[in-house]
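Please take a look at the model below.

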Amino acid sequence: MWFSKKNRVDEVAEQLAHSPDLMCRRIQCKGKTVDILFLRNLINHDQLQQNVLAFIHDQEDVSLKQLARCLPIGAVHVCETEKEMASYIRDGWACIYIEGETHGLAVNIAEKVERSLEKAETESLVLGPKMSFTESIDTNIHILRQNVTDTKLVTEKMTIGMRNPLEVRVVYIEDIADEENIQTVKQRLSELHIDEVTDSSVLAQLLEDHAYTIFPQYLLTELPDRLAYSLMKGRIGIFVDRSPTVIICPTTFFSFFESTEDIYLRWTMSIVLRAIRMFGIFSSIFLSPLYVAVITYHYEVIPSALLLTIGESRSRVPFPPVIEALLLEFMIELLREAGARLPTKVGQTMSIVGGIVLGQAAVDAGFTSNVLIIIVALSALGSFTAPSYEMGATIRILRFPIILLAALWGLVGILIGVSMLLIHLLKLTSLGRPYLSPVYPFRFADMKYALIRLPQKFYSERPKTNRPQNARRFSWREAMKRKDLDE
Amino acid sequence: MKWLIVCMLLLSGCVQPRILERQGIITAVGFDKKGKLYEGASVMLSFQTTRSSLSEVIEATNKTSKGVRQDLEAQTSHDLGSGQIRVIVYGKELAEKDGIFTLTDTLQRDANIGALVYLAVGEPNAKEIVKSKKHEDTRDIGTYLYRLIEKNLRTESLLAATLHEFIHCYYDVGKDPILPYLSVRNDKPIVEKMALFRGDKFVGTVRLDESFYIKILASQYKSGLKNITVSRDDVAPLLINKKTKKVNIVINEIKTKRKIKLISQEPVPHFRVTVKLQAEILEMSEKMKPIMVTNVHILERAIEKQMKKEIEQLLNKLKAYKTDPIGFGQMYDHSVRALQLTDKQWYKLYDNAKIDVDMQVSILRTGTID
């Protein structure tokens, strides 16, 4: 069909917008002209020479049928149209056309560029596996398969993006994950009509239930062990090609404060660590608003021992407490943002300039009180304790409206803020599932997953929040039996 | 959401900000009577950037306490804030003649002032105590007085000092309030005695060693020590030398439990008070034989006897002042059915009331070493 009209090579070249990288190697073999087309920077040249060129050269019978059968290459495909051929070439395959044949043959000799496997950057751990996902979906699936060898593991392939198609894999354990959740994910993915998706975080935004909220509704992780853990507990993962982060859904509010380390550490330690984290996050949101409210409206509540310290440090500041607090919070955010954008080496200088020079100078100049410096530093630290970067960012932003409320109505304002926040959280859903579970709806048995940790024998049931098809992990009775060596 | 923002903007003017450093923070107040006028002195704290904060006493005279407050406001560039008031001192004369209820009542109605503010009576007047320049290491006299009273409450040499307790006892029929009694020694205010009240009027004082007995009769005692002087004859079998007429014994780690029972109400109310006291011996003024299980009862009985004597003296003193800080009236009211006791009735009954004291002392240890 496609050879009849113009020169087919020209046709393919046109499809590829006459890319300067398009190479056409024409060889004469057994009296036949063989054209091999490829984009020179996408292929593995060794493979081309040894497995394609040399092989064709040595063949007795150069025909499409013969080559398709005998080429020592993992993947070959018979193409019918130039368009199809061009799309394979774009993926790094080489196309072989033999004079006189009606079809072309595409062979996979692509060489993908990818970085090596590294330690996780955004979710760093002390204990536990360190490996993180990378940008190639094939590698990521490979890592997942190594982590989850469950025979019921499903990795369903979908493609999204009309102009720049992207491979997406929905992964779940078939007999654990909730059927309805799986259907929702697949439906939302198939209903996406969009030209392209840049990254998994963009896809997460596209799949969200609520766009007008500052809370993230899906967990993004780059840790294979975290994904494996979530899958085994009945959640669903979405891999996106070219993205090192995996979407985990449905997600609850509390899962943003869980770190995989909580599972690796002994339960006594992880209870305390989790409590510290919760406290850190709570104080990160409420400490500076509390300062503003107390200094502006409620000086009665300051303990008499602190009164003098706070009063003296405040007496130099020319601004009302709100302006003071906002100024300092803004400064810290500025430092943080600048630090995130700068290369590591300059970043260190930054932190010294910011932390010591600016802070000290601000106090000396009478811009802020040193009590506030401590408070703001504490709340900045607190927001870093969130294991999820997205939630950390949310918490950073969250305290600004509450500072304003505190400045308007004092403690009453803070309470109004808390109430509105709670109402909002109660209404949120992730993949149609309640966001605040297990607190609301109240699921007592799930508290051991979300808020505290218990010894392993108590985890015989999967969390109800995920609505697992098969809730049982192991027999409680078996686990309670004493297993002594001398039995 | 739209309306919420509108509401926020409209309501934002409704709350008056009271920014900390613009407040002249009052830590202590003293009230005195001068003719028909109230005289008030406040310790005002204003913050200074250079590490030495200023506390300053400002005074004013007016017909009402809030009038005094207004006159005080005229004397400072700060807004006077009463939210950190720790101690309120009433002059002895004011407390004796006018009573302090009208002044405490207004404190209780002020939401800025907590119910745990300490009240005290000052001698010779409140002004002198509040204006004292000696306040140890604290930054102002208000904090000093606060810590002074707090410490003495903690060590149980004082019974009650808070506004809440005062108001409670004031309204309660058959129980009278007591407050710390501050006096000035070498220009420094100290807690010397305890002030007794009838209603809201100051009637007299008891020494702190007497107030120990009020404490063990009115509630329970959990710590602290007590010095008891017993007569030589009572402990004679234990003594080695024969020198003085009296023997001093200090007991420590005192724990008491008391029970007051109305035995009969006719012809006069007859109460029996049982106090169980456990303690260890800390110090003795004389050499004694080793105290063993066999002879410890000699010591116990001697202490019992002495304590009983002192309690009876105290009760007579209280009766003479016509004040009932222990709350016998309350017990009477509770024990007699369908009785609406009034203060007037009770003072009449109290005068004739018969109170038996039964002390039960047990000495647990004679020192922690053995």
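How many salt bridges are there between chain A and chain B? The count is two, where a salt bridge is a side-chain nitrogen of Lys or Arg within 4 Å of a carboxyl oxygen of Asp or Glu. Before going further, please note that this is a predicted model, in which local features need pLDDT of at least 70 and side-chain atom pairs count only at pLDDT 80 or more, while totals for chains, interfaces and linings use all residues. Residues are numbered from 1 along each chain as its sequence is written, chains are lettered from A and ligands numbered from 1 in the order in which they are written, and side-chain values use heavy atoms, with hydrogens and water left out.

**The interface**

Arg314(A) forms a salt bridge with Glu21(B), with 2.7 Å between the closest N and O atoms. Chain A and chain B also have ten residue pairs in polar contact, both residues being at pLDDT 80 or more. A polar contact is a pair of N or O atoms within 3.5 Å; within protein, one must be able to donate a hydrogen and the other to accept it, and residues adjacent in sequence count only if both atoms are side-chain atoms.

On the side of chain A that touches chain B, helix 10 (267–296), helix 11 (304–315) and helix 15 (389–427) each supply at least two residues. Helix 11 of chain A gives the most to this side, with nine residues. Helices (H or I, at least four residues) and strands (E, at least two) are DSSP runs, numbered from the N terminus. By residue type, the side of chain A that touches chain B divides into 15 nonpolar, six polar and four charged residues. Here Ala, Val, Leu, Ile, Met, Phe, Trp, Tyr, Cys and Pro count as nonpolar, Asp, Glu, Lys and Arg as charged, and the others, Gly among them, as polar.

In total, 25 residues of chain A are in contact (heavy atoms within 4.5 Å) with 29 residues of chain B. The two chains bury about 2500 Å² between them, 63% of it on carbon and sulfur atoms. In chain A, Tyr299(A), Glu312(A) and Trp409(A) lose the most area to chain B, together 29% of what that side buries. Buried area is the accessible area (1.4 Å probe) that two parts lose on being put together, summed over both.

**Charged pairs within the chains**

Over all chains, the count comes to 39 salt bridges. Three of them are set out here.

| Pair | Closest N to O distance |
|---|---|
| Asp209(A) and Arg188(A) | 2.9 Å |
| Glu73(B) and Arg69(B) | 3.7 Å |

Asp209(A), in the loop between helix 7 (200–207) and strand 8 (219–221) of chain A, and Arg188(A), in helix 6 (residues 179–190), are 21 residues apart. Asp209(A) is partly exposed, with a relative accessible area of 24%; buried means under 20% relative accessible area, exposed over 50%, and partly exposed in between (1.4 Å probe, protein chains only).

Glu73(B) and Arg69(B), in contrast, both lie in helix 2 (residues 65–73) of chain B, four residues apart, about one turn of the helix.

Chain A also holds a network of salt bridges linking Glu329(A), Glu333(A), Arg336(A), Glu337(A), Arg341(A), Arg396(A) and Arg399(A).

**A buried glutamate**

Where is Glu123(A) placed in chain A? Glu123(A) sits in the loop between strand 5 (104–107) and helix 5 (137–147). Glu123(A) counts as buried because its relative accessibility is 11%. Its side chain makes a polar contact with the side chain of Thr221(A) at 3.1 Å and reaches the backbone nitrogen of Glu222(A) at 2.9 Å.

**Backbone details**

Two peptide bonds in chain A deserve a look. The bond from Ser437(A) to Pro438(A) is cis, with omega near 5 degrees, and the bond from Tyr440(A) to Pro441(A) is cis, with omega near -5 degrees. Pro438(A) is in the loop between strand 12 (433–434) and helix 16 (447–450) of chain A.

Leu431(A), a residue other than glycine, has a positive phi near 55 degrees and is buried at 4% relative accessibility. Asp187(B) has a positive phi near 70 degrees and is exposed at 55% relative accessibility.
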